[in-house]
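Visitor: I've never read a protein model before. Could you walk me through this one, a feature at a time?

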Amino acid sequence: MRVFGVDPGLTRCGFGVVDGGPGRTVRPVAVDVVRTPVDADLAIRLLQLSDAVEEWLDRYRPQAVAVERVFSQHNVRTAMGTAQAGGVVALSAARRGLPVVFHTPSEVKAAVTGSGRADKAQVTAMVTRLLGLKQAPKPADAADALALAICHLWRAPMRARLEEAQARAAELARAHRARLAQAGARLSAGQTNAKTGGKAQ
């Protein structure tokens, strides 16, 4: 499975493509950071980002897209820009029918390092090691994008099994409610017939 990981941002947006193999093997395909000029109009910056996303989707043809979920930040402007960038990525993927999954920073850290409290240096070090890279990907946005892709590759099977189990549980619950309703209807009909029969006698 090939996953396109994106660490969204307007000034710097990390892109990373990783292939997943048997077990938990992962192989790097591509990584880069897309930048847009800070002094440009917001619409132009989003358009430039959209063009870059489209180019990567065409070039690498991923089967899924993993985006970092925006967490509350003290800097509202930064949070808004991050959310807008993530929306552009999700829209481009949705147009192609690609599944888009948003992972929280703690999920990504836990998947890659084993700790949801790991810092950026630890994430970068583990990504470098897991992918067998000769040099650590820089800046941190690039490493984060690769970490997102790895996180999705490792969590997707578990998420699929969980969703399947939830679907089965929901179906069993519906069937149980239907049986209860049928039993209630039969009981009610039996009581009505008993009352009617008593009056007839």
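This is a predicted model: local features need pLDDT of at least 70, side-chain atom pairs count only at pLDDT 80 or more; totals for chains, interfaces and linings use all residues.

Visitor: Where does D119 sit in the chain?

Guide: In the loop between α3 (105-113) and α4 (120-130). Helices (H or I, at least four residues) and strands (E, at least two) are DSSP runs, numbered from the N terminus. D119 has 41% relative accessibility, so it counts as partly exposed; buried means under 20% relative accessible area, exposed over 50%, and partly exposed in between (1.4 Å probe, protein chains only). K109 is 10 residues from D119 in sequence and 8.1 Å from it in space, C-alpha to C-alpha.

Visitor: And which residues of α3 are buried?

Guide: V108, A111 and V112. Look down the axis of α3: the buried residues fall within an arc of 90° (taken from the directions from the helix axis to the C-beta atoms), so they line one face of the helix. After α3 comes G114, with a positive phi near 95°.

Visitor: How many residues does the largest nonpolar core have?

Guide: It has 22, and F4, V6, F15, L49, V53, W56 and V65 have the most contacts inside it. Such a core is a set of buried Ala, Val, Leu, Ile, Met, Phe, Trp, Tyr and Cys residues joined through side-chain atoms within 4.5 Å. Elements giving two or more residues include β1 (2-7), β2 (12-20) and α1 (42-60). The largest share, seven residues, is from α1. There's also a second, separate core of 20 residues, with V18, V26, V108 and A147 among them.

Visitor: How many aromatic pairs are there?

Guide: Four. In F4 and W56, ring centres are 5.8 Å apart and the planes are at 20°, so this pair is stacked. Rings of Phe, Tyr and Trp (its six-membered ring) pair if their centres lie within 6.5 Å; planes under 30 degrees apart count as stacked, over 60 as edge-to-face and the rest as tilted. F4 is in strand β1 and W56 in helix α1, so the pair ties together parts 52 residues apart in sequence. F4 and W56 are both buried. F15 and W56 are edge-to-face, at 5.2 Å centre to centre and 75° between the planes. F15 belongs to strand β2, so this pair ties together parts 41 residues apart in sequence. Ring pairs link F4, F15, W56 and Y60 into a cluster.

Visitor: Last one: do β4 and β5 run parallel or antiparallel?

Guide: Parallel, with four bridges joining β4 (residues 64-68) to β5; two strands pair if DSSP finds at least two bridges between them. V65's bridge partner in β5 is V100. Strand β5 (residues 100-103) has V101 and H103 on its covered face, and V100 and F102 on the uncovered one.

Terms used:
Residues are numbered from 1 along each chain as its sequence is written. Side-chain values use heavy atoms; hydrogens and water are left out.
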